[in-house]
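Me: I would like to go through this model feature by feature. Please give the general idea each time, and then the case at hand.

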Amino acid sequence: MPRSLLFSFLFLSLSLLSNATILTLSQQFKEAPQFYNSPDCPSITDTDTNTNTNSNNNNVICYDGAVHVAMTLDTQYIRGSMAAILSVLQHSSCPENNIFHFVTTATANASLLRATLSTSFPYLKFQIYPFDDTHVSGLISTSIRSALDCPLNYARSYLPNILPSCVRRVVYLDSDLVLVDDIAKLAATPLGGDDTVLAAPEYCNANFTSYFTLTFWSNPSLSLTFANRKPCYFNTGVMVIDLDRWRAGDYTNKIEEWMELQKRMRIYQLGSLPPFLLVFAGKIAPVDHKWNQHGLGGDNFRGLCRDLHPGPVSLLHWSGKGKPWARLDANRPCPLDALWAPYDLLQTPFALDS
């Protein structure tokens with residue numbers, strides 16, 4: 001091989017190795033403290049806590065007395081996810097009885113994500129599930145913010161198909177939030193009648209009509225969707241979902257039907273939220289507003305600072321464009337970002353050992 005070609009090859013190899021190293025090591029996280037159950041918690045025996053989706057560990061994953069938590073997981077938001085996990089464990093009365101179900105893209109480096117979780121949370125009970133977004137990608141319409149168009153944002157619509165059928169109820173959480181209360185209280189939310197599929201805080205003072213276009217409201221066959229319902233806005237970043245009822249009602253297909261219509265005629269502007277409103281608004285079980293103090297990331301355009309809503313707080317949610325870790329890194333934090341910072345497990349490169 002000519003010397004010049006050899007040097008070019010070596011340079012390219014080193015560049016690729018360097019980029020791969022940066023990708024792998026760009027965010028390293030500290031190990032979180034271990035949290036233990038209180039004496040009155042039921043026991044979950046587990047000899048293989050950090051399992052993967054190919055293992056047969058149904059005794060733990062299917063445990064009905066656990067609090068099942070579902071989240072999406074990717075490299076872009078993993079810093080927020082790590083903080084959210086820590087907050088759930090820290091404030092749980094039975095932290096060892098929380099089982100996490102993480103949904104990733106099919107192309108994600110699941111081994112890297114699994115190793116990252118296991119390093120910071122050695123005792124965490126979790127599974128990682130690949131989400132094949134090929135189908136949903138063809139249904140997604142452009143929204144007002146590109147981040148909302150990520151196929152992984154739509155994974156929540158497919159949870160009943162992704163998670164094992166033995167998982168009957170799950171708390172879905174976004175990655176840009178922290179809890180300051182026991183998640184078991186949220187998970188125990190009563191859903192009421194047999195046809196109620198999910199529970200979430202409702203915000204009936206919000207202008208519900210603004211979530212849909214004039215094309216939608218001017219078409220009687222569409223606007224009558226909400227006839228005999230009292231629809232209110234709810235945020236899909238915090239939900240308690242009865243997966244058995246969802247599966248029985250085939251609600252994933254109903255959401256997809258609205259997405260298919262959106263491809264033909266624009267009936268809404270915001271990503272994955274409007275299909276949920278079309279299918280569920282006015283038919284969900286109520287949850288106290290303290291379980292989703294949302295909007296702390298500002299609006300979808302500028303991400304300006306916001307205050308808390310009046311009342312008690314069990315969950316802080318930085319929905320909107322501004323994320324606390326990005327604002328802290330830029331030295332332009334909002335006042336409430338200081339409430340997220342204690343849960344940040346990022347290992348800074350200049351941290352000194354004590």
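Me: Which residue is the bridge partner of isoleucine 99 in β3?
Reply: Strands of a sheet pair through backbone hydrogen bonds, either parallel or antiparallel. Two strands are taken as paired if DSSP finds at least two bridges between them. Strands (E, at least two residues) and helices (H or I, at least four) are DSSP runs, numbered from the N terminus. In this predicted model, lysine 125 of β3 is the bridge partner of isoleucine 99. β2 and β3 run parallel and are joined by 7 bridges.

Me: What should I know about the numbering and the values?
Reply: Residues are numbered from 1 along each chain as its sequence is written, and side-chain values use heavy atoms, with hydrogens and water left out. Because the model is predicted, local features need pLDDT of at least 70 and side-chain atom pairs count only at pLDDT 80 or more, while totals for chains, interfaces and linings use all residues.

Me: In what order do the 7 strands of the open sheet lie?
Reply: The order is β3-β2-β1-β4-β9-β6-β10, with mixed pairing. The edge strands, β3 (125-131) and β10 (285-286), each pair on one side only.

Me: Why is β3 described as largely enclosed?
Reply: Buried means under 20% relative accessible area, exposed over 50%, and partly exposed in between (1.4 Å probe, protein chains only). β3 has 6 of its 7 residues buried, so the rest of the structure largely encloses it. For the protein, 49% of the 354 residues count as buried.

Me: Are the faces of β9 buried or exposed?
Reply: In a regular strand the side chains alternate between the two faces of the sheet. In β9, Val238, Val240 and Asp242 lie on one side and Met239 and Ile241 on the other, and all are buried.

Me: How do I read the packing of α3 and α4?
Reply: Two packed helices are described by the angle between their axes and the distance between the axes. Axes are lines fitted to C-alpha atoms, for helices over the stretch in contact, and angles run from 0 to 180 degrees between N-to-C directions. Helix α3 (residues 78-90) and helix α4 (residues 110-120) pack at about 35°, with axes 12 Å apart. Contact means heavy atoms within 4.5 Å; Ile78, Met82 and Ile85 in α3 meet Leu113, Thr116, Leu117 and Ser120 in α4. α4 also lies across β2 (98-105) and β3, running at about 160° to β3.

Me: Where does proline 201 lie, and which residues does it touch?
Reply: Proline 201 is in the loop between β6 and β7 (202-203). It counts as buried because its relative accessibility is 1%. Not counting residues up to four places away in sequence, its contacts include Tyr233, Phe234, Val238, Trp291 and Asn292. The C-alpha atoms of proline 201 and asparagine 292 are separated by 6.7 Å, although the residues are 91 apart along the chain.

Me: What sits over the face of tyrosine 251?
Reply: A charge sits over a ring if NZ of Lys or CZ of Arg is within 6 Å of the ring centre and within 35 degrees of the ring normal. Lysine 254 lies over the face of tyrosine 251, at 4.4 Å from the ring centre.
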